[in-house]
Structures are given as C-alpha cells and as structure tokens.
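Colleague: I would like to learn how to read a few features in a model. Could we take them one at a time?

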Amino acid sequence: MAKSTGAGQYVLLPPQGLRAKAATATTDARDFLRTAHEATGTSALALRDTRAGDLRVLDSLGPDGAKLVELSPGSLLALRAEQPELRVVPVVYYKPAVARREVVEESRPARARAGGPAAITVQVVSKSGAKPVPNAVVVAFVDFAARRGAQGVTDANGRCSLNLGGASVKLERLYVYPLDAHWSLLKKNLTLTDGTKLVLTPLDLGAEDGVRHFYGNADLAVGKGVTVAVVDTGSGPHPDLVIAGGANTVQGEDPKDFSDNGHAHGTHVAGIVAARGAPPAGIRGVAPGVKLRAYRVFGKGQGSASSFAIAKAVDKAVADKCDLINMSLGGGQPDPVLKAAVDDARAGGSVCIIAAGNDDRSAVSFPASEAMALAVSALGRKGTFPSTATESDEVGAPFGSDKKDFIAKFSNIGPEVDLTGPGVAIISTVPSGYAEMSGTSMACPAVTGAAARAIAGSAVLKAKRDAKRSAAIVKAIVASAHTLGFQPVFEGHGLPEPK
C-alpha cells in the first residue's frame with residue numbers, strides 16, 4: 001500500500017515499559033505486538049477499520065517490544081480504538097549535549113565603502129609553523145547582543161571571506177572554532193582588516209585539561225570488569241580506542257555499523273571514558289580498563305536522534321549486560337519512550353548516566369531529569385585551558401571551595417542534578433585525531449568513567465541483574481562523590497572520586 005497522506009511516525013508501546021509482560025498486558029495486546037513484529041519492514045498491517053488505512057511497522061524491539069510505526073491520522077484513531085491498552089506516542093528527537101557555539105543570526109549588510117571591498121579575507125594559521133588551518137569556523141560580531149555580523153569556514157589554505165561591509169571593521173567579538181588539533185580562539189574589541197592572520201595554539205596531549213586535573217592518567221587496568229555503553233553518534237575508529245562491540249539502531253541503516261556518523265561527538269565521549277593512549281602522543285580516559293561498547297543512534301551525518309532509536313539502543317545495552325549507560329544527549333520533550341527505556345534499564349541492573357544539558361543554567365533537560373537517571377552538570381577549572389580559548393566565556397560564579405573551580409555558565413542546573421564532572425575544554429579522541437569540546441556531554445562520560453572506578457572489583461557486579469543491583473551501583477557511585485563547595489542544585493552530591 002502506498003504511503004498514506006499525512007502519515008507520521010509514532011512509537012507503539014505496551015501498557016508499561018518497553019516490553020509487554022503477562023503481568024501488565026492482556027493476551028490480546030501481546031498478540032497484536034507479535035503480529036506487528038512479524039510485519040516489520042515487509043508489509044502493511046491491516047486495521048479493522050478499513051476506512052482508516054493500514055499501519056506500517058518500520059522497526060521493532062522484538063515480538064513483545066515497542067514498535068516504530070507509520071500511521072495516517074485516521075489509522076492512529078483506529079489503532080487507539082482497536083488496541084486501547086497500547087500507548088501510541090509521537091516520535092521525539094534529541095541532540096548531542098555539546099555546548100552551543102556562538103552563531104550569527106543577522107548578517108551585516110554588505111555595503112562597501114567607496115573604493116573598498118565589502119568583504120574581509122582572514123587566514124587562520126597554527127602557531128606551530130604558521131601552517132594553514134582548514135575547516136575552522138570563524139564567527140565575527142559587530143553587535144554581539146544582536147548577534148549581527150558574518151561567519152564562514154576556512155578553505156584548504158586556511159582562508160575565509162567575511163562579508164562585513166568594509167575593508168576595516170571594528171568587531172565586538174571574534175570566535176574561531178577549529179575542527180581538531182588546536183584550541184579555539186576568542187578575541188574581543190578588535191579591528192579586523194583584510195588579510196588579518198588569526199593564530200591558533202596547538203593542543204598539547206600531555207597538558208592537564210579538566211579531566212586529567214581531576215582524574216590524572218590512570219593505569220590501563222583501571223575500570224576492568226565493568227562494561228560501559230556509549231549511546232551516541234557512534235564511536236571510532238581511533239587508535240586510542242578499543243571497542244568491544246555495539247550496534248546501530250537507526251532505522252534503515254546497517255545494524256553492525258556503530259562507527260562515528262561524521263559528527264565526532266560519540267568518539268570524543270568514548271575517549272573520555274576509556275581512551276588507552278599514552279600521553280603526550282595519545283589520550284588516556286578516566287577508566288581505560290572498562291569494556292567499551294558503542295551504540296549509534298544518530299544517522300549518518302545527522303544531528304538528531306529519534307526516541308525510538310535511543311530506546312532500542314538502551315534496550316540492547318541492557319541485553320548486552322552493560323553496567324553503565326552513558327547518554328550525552330537530550331533537549332527534547334519528555335516522552336514515555338525514553339522514560340520506559342531508562343526505567344527498564346534500572347530494573348534490568350543497568351544505570352543510565354545522562355548529561356543535564358547546556359541551556360545556560362536552565363532546568364535539567366530530559367532524559368536526565370527522569371527520576372531513574374543520574375543527571376550530570378558540568379564544571380570547569382581555571383588554568384586547564386588557554387585564557388584566549390572560547391571557553392573563557394564560561395567562567396563565572398559560583399566558584400567552589402577552590403576558587404579555580406566553577407560551574408560552567410552553559411550547564412543546566414536544578415534539584416535533579418546528581419553529580420558533576422569536568423566538562424569545559426576537554427581534550428579527547430575524534431576520528432581525525434584529537435579535539436577539545438565543552439558541554440555536559442563531556443562531563444557525563446567523565447562521571448561515567450569515575451563511576452566505573454567506583455564499582456570495579458565490587459561484589460555488586462556479580463549480583464543478579466535487577467533493580468536491587470542497580471540501586472547498589474547508584475549507592476556506590478554516590479558514596480564515591482565529594483562536594484567541591486557548590487550548592488546541591490549545581491553539583492548534586494559532587495564530583496565522584498577516582499579509585
């Protein structure tokens with residue numbers, strides 16, 4: 001049957017959780033889910049109300065599990081009438097919890113002065129040998145509050161053209177975001193002229209960034225015996241990463257392709273947890289001895305992931321006996337699908353550790369706000385990044401007992417915060433080498449790595465995989481934390497200690 005006009009994607013859920021159980025669903029509901037599973041990807045499933053059209057099952061968690069379906073409005077009504085026990089909810093989308101970059105929202109009019117060009121060409125070069133830096137994003141503001149200015153991306157020669165309306169323009173701020181290998185750059189109150197060279201400082205893999213300040217360079221065996229899932233944009237390949245396996249849960253893609261989707265985020269996250277490189281030639285993660293598994297929920301080149309793909313990944317991670325599930329994502333509306341996934345994980349002996357979000361001290365975003373998740377805010381430390389880096393914008397009150405420590409301005413906060421971790425200007429792995437990133441996305445895997453340290457070698461790892469086991473894991477993680485002198489809404493129980 002042809003796709004129905006106005007059809008949309010929904011998730012079909014059992015009465016409770018992601019899977020229908022005899023104690024919570026009737027035989028009729030379970031039979032319908034099994035029938036829908038058999039129709040996955042092959043044919044439309046006819047509904048009793050023939051006026052409504054058919055139901056297309058796009059993906060399934062298994063015979064008794066949630067389904068990704070395509071329905072027209074009429075089919076949606078018919079399905080709800082035919083199967084009142086089952087929940088039919090719209091698909092929700094989530095993004096990586098990396099700190100937002102500054103962007104121009106209103107381009108400056110390109111009105112050239114008499115005898116002069118409208119555009120200014122700048123060149124971004126490395127402090128090391130003055131080599132051109134390609135693929136760097138340059139953002140120039142003539143009015144920062146109004147987000148007015150121009151932006152561009154450097155070419156192979158490190159050059160980009162900024163349409164600022166003159167050959168010499170006074171800027172309030174200028175940001176440079178390199179793709180990799182260098183620190184970002186922030187300049188304030190400068191006059192930009194044609195031919196200006198912007199010099200970036202190369203990353204030093206042996207330097208002490210936020211993660212290495214708090215957690216050092218652990219022995220390769222640290223975290224051994226713990227299995228960690230990274231639910232993200234995919235991870236690797238990278239010489240510093242050893243990935244034991246995983247899955248791709250994006251509908252329509254190769255289930256075995258859990259490599260990075262091109263956005264580098266998941267590879268960076270994985271490196272913070274468990275990179276096994278040797279500084280200064282490589283990077284060492286917080287718990288390099290863990291068994292690392294990657295679950296890709298973002299499609300190739302895509303910047304958002306569906307609630308169904310994420311839930312399917314969490315479900316698989318639990319089935320694969322992952323102890324900790326790192327989710328450096330969020331920002332979508334609360335929905336029953338991810339609530340069920342997080343709750344089912346906790347019931348199955350796994351604990352989801354989730355980034356609190358980067359909305360400038362707003363409330364903790366979903367799914368980190370879910371009661372059965374551990375929500376992580378981001379802290380920074382002065383001196384762990386150059387004063388010229390864009391992250392200098394994130395320094396601000398409140399400061400901790402050690403006045404070099406601060407909660408990042410971008411970090412979400414609130415009573416749902418359970419823990420905090422280093423998330424400002426963190427150096428880690430990306431497919432092209434190494435890069436620095438900021439966000440609760442980075443704080444989350446730092447805490448996940450510390451959590452792995454807290455439970456490594458513990459008897460809890462041999463316990464039956466159930467809610468009692470998960471509760472014991474949470475208690476061990478919380479017991480390892482100590483306050484840095486912030487209020488609980490900023491740090492929760494504090495920073496998990498290394499072990």
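Modeller: We can begin with polar contacts. A polar contact is a pair of N or O atoms within 3.5 Å, where one must be able to donate a hydrogen and the other to accept it. Keep in mind that this is a predicted model.

Colleague: Which backbone oxygen lies 2.6 Å from a polar atom of the side chain of Arg212?

Modeller: That of Ile427. The backbone oxygen of Arg284 also has a polar atom of the Arg212 side chain at 2.7 Å.

Colleague: Where is the place of Arg212, and is Arg212 buried or exposed?

Modeller: Arg212 sits in helix H3, residues 210-215. Buried means under 20% relative accessible area. Arg212 is buried because its relative accessibility is 8%. Leaving aside residues up to four places away in sequence, Arg212 touches Ala207, Asn217, Ile283, Arg284, Ile426 and Ile427.

Colleague: Next, strands. How many of the seven residues of strand S9 are buried?

Modeller: Five, so strand S9, residues 137-143, is mostly covered under the cut-off for buried, which is under 20% relative accessible area.

Colleague: In what sense do S9 and strand S10 pair?

Modeller: In the antiparallel sense, over six bridges, with S10 spanning residues 148-153. Asp143 is opposite Arg148 of S10. S9 also pairs with strand S12, residues 168-177, in the antiparallel sense, here over five bridges. In that pairing, Val139 stands opposite Tyr175 of S12.

Colleague: What lies between S9 and S10 in their hairpin?

Modeller: Four residues, and in this hairpin Arg147 takes a positive phi near 55 degrees. Arg147 is partly exposed, because its relative accessible area is 21%.

Colleague: What should I expect of phi and of peptide bonds in general?

Modeller: Most residues other than glycine have a negative phi, and most peptide bonds are trans. Arg147 is not a glycine, yet its phi is positive. Ala130 is another residue other than glycine with a positive phi, near 55 degrees. Ala130 is in the loop between strand S8 (119-126) and S9. Ala130 counts as partly exposed because its relative accessibility is 46%.

Colleague: Which residues does a cis peptide bond join with omega about 10 degrees?

Modeller: Phe366 and Pro367. Pro367 belongs to the loop between strand S21 (351-355) and strand S22 (374-381). A cis peptide bond also joins Ala397 and Pro398, with omega about 5 degrees. Pro398 is in the loop from S22 to strand S23 (405-407).

Technical notes:
Residues are numbered from 1 along each chain as its sequence is written. This is a predicted model: local features need pLDDT of at least 70, side-chain atom pairs count only at pLDDT 80 or more; totals for chains, interfaces and linings use all residues. Side-chain values use heavy atoms; hydrogens and water are left out. Buried means under 20% relative accessible area, exposed over 50%, partly exposed in between (1.4 Å probe, protein chains only). Helices (H or I, at least four residues) and strands (E, at least two) are DSSP runs, numbered from the N terminus. Two strands pair if DSSP finds at least two bridges between them. Contact means heavy atoms within 4.5 Å.
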